[in-house]
Each structure stands twice: as C-alpha cells, then as structure tokens.
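Here's a friendly walk through one protein chain. Have a look at the picture, then read on.

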Amino acid sequence: MTIDVTGQTRQKTVTWQDPLPTARLGRELSGLDYLTGIAEGRIPPAPISAHFGMRWVSVAEGDVVIAATPDESLYNPIGTVHGGVAATLLDSAVACAVHSTLPAGVGYTSVELKVNYLRAISGSVGEIRAHGWIVKAGSRVAFAEGDIRDGQGKVLATASSTCLIIKP
C-alpha cells in the first residue's frame, strides 16, 4: 500500500541577535529590570524566543506571563505541537519568575522541571499563555509553578520547577 504524503513545502525564517552582549547586560541589572527591558523591547530577548514566536505579556516580581501562537512547524510526528514546546514555554515562564526576584549579579539555573500535559496543543489553538509564579523564593533554592492556557482559559499543561540560586 502506498500513501501519498506529499504536501506543500512551507518555510519559516528565524532571526535573532547575538545573545552574549545581552547576557552580560543581564548580570548588571536586577532580574526585574532586565526582564522588564525585554518585555518592553529595550533589550533583545533570548534567541529561543524567535524560534517559538514567544512574546512577553507581563513581568512583575515573582510573576511572568509569556505568549506564543504555535503553528505546524512545531508539530511532532503524530500531528500535534511537540511537548518540548510546552516544556520550553513553561521552563521560561517559571524560571523567569524566579529571575524577576533576583538582585543584579545573582544568577540561577533550572535544577528540575516537571511538566504535566493535560491537553494536546495544535496549530489551530491560537495564542497560548505560559504563566509562571514563585511558590517560595529562598536564598539558595527557589520553587516556582506554572501553567499554559489557551484563549478560553483551558489549562493545557502545568509545571513545577526548582531553581538553584547562583551568587557571585
């Protein structure tokens, strides 16, 4: 049996700026000032933002919302948005919620991320929003949670994360 799987070729162009100068600037600003600068367009976002079409919706201390509109270029082999996209959006939202609480010169890294996929995401879902918030901000470790919702408020995925705080 032969199945015709040919279709129209599609193309997506991704552009970004060198991330190293931006990362250096990030060490000079508080996390909240740095992320606010990105959200307001004064500081270039991380290159991963361009790949997934991420847009900053809001940044407050301990609370971050990032939006994206997934398309079929992000599909997995079974025809839905790859789970790694949801994981990336959630990791970005929860880790940036942690980052927003840090003073200048203090860094962080994700130690653990647990994602629960509740509903499939398709290119027809429209804009989705990843919301991350602090559960507990400690001096050495911070805990954050997050979710992704569609435009109707349905929860598509949830996450919990642990971030290590890195002091100079």
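This is a predicted model: local features need pLDDT of at least 70, side-chain atom pairs count only at pLDDT 80 or more; totals for chains, interfaces and linings use all residues.

Residues are numbered from 1 along each chain as its sequence is written, and side-chain values use heavy atoms, leaving out hydrogens and water.

Let's start with the sheet: it's open, has six strands in the order 1-2-4-5-6-3, and pairs them antiparallel. Strands 1 and 3 sit at the edges with a single partner strand each, so one side of each has no neighbour in the sheet. On average, neighbouring strands are turned by 20° against each other, direction ignored. Strands here are DSSP E runs of at least two residues, and helices are H or I runs of at least four, numbered from the N terminus; two strands pair if DSSP finds at least two bridges between them.

| Strand 1 | 55-60 |
| Strand 3 | 107-117 |
| Strand 5 | 141-149 |
| Strand 6 | 155-166 |

Now zoom in on Thr162, found in strand 6. Thr162 counts as buried because its relative accessibility is 17% (buried means under 20% relative accessible area, exposed over 50%, partly exposed in between, with a 1.4 Å probe and protein chains only). Leaving aside neighbours within four places in sequence, Thr162 has contacts (heavy atoms within 4.5 Å) including Thr109, Val111 and Phe143.

Key:
Axes are lines fitted to C-alpha atoms, for helices over the stretch in contact, and angles run from 0 to 180 degrees between N-to-C directions.
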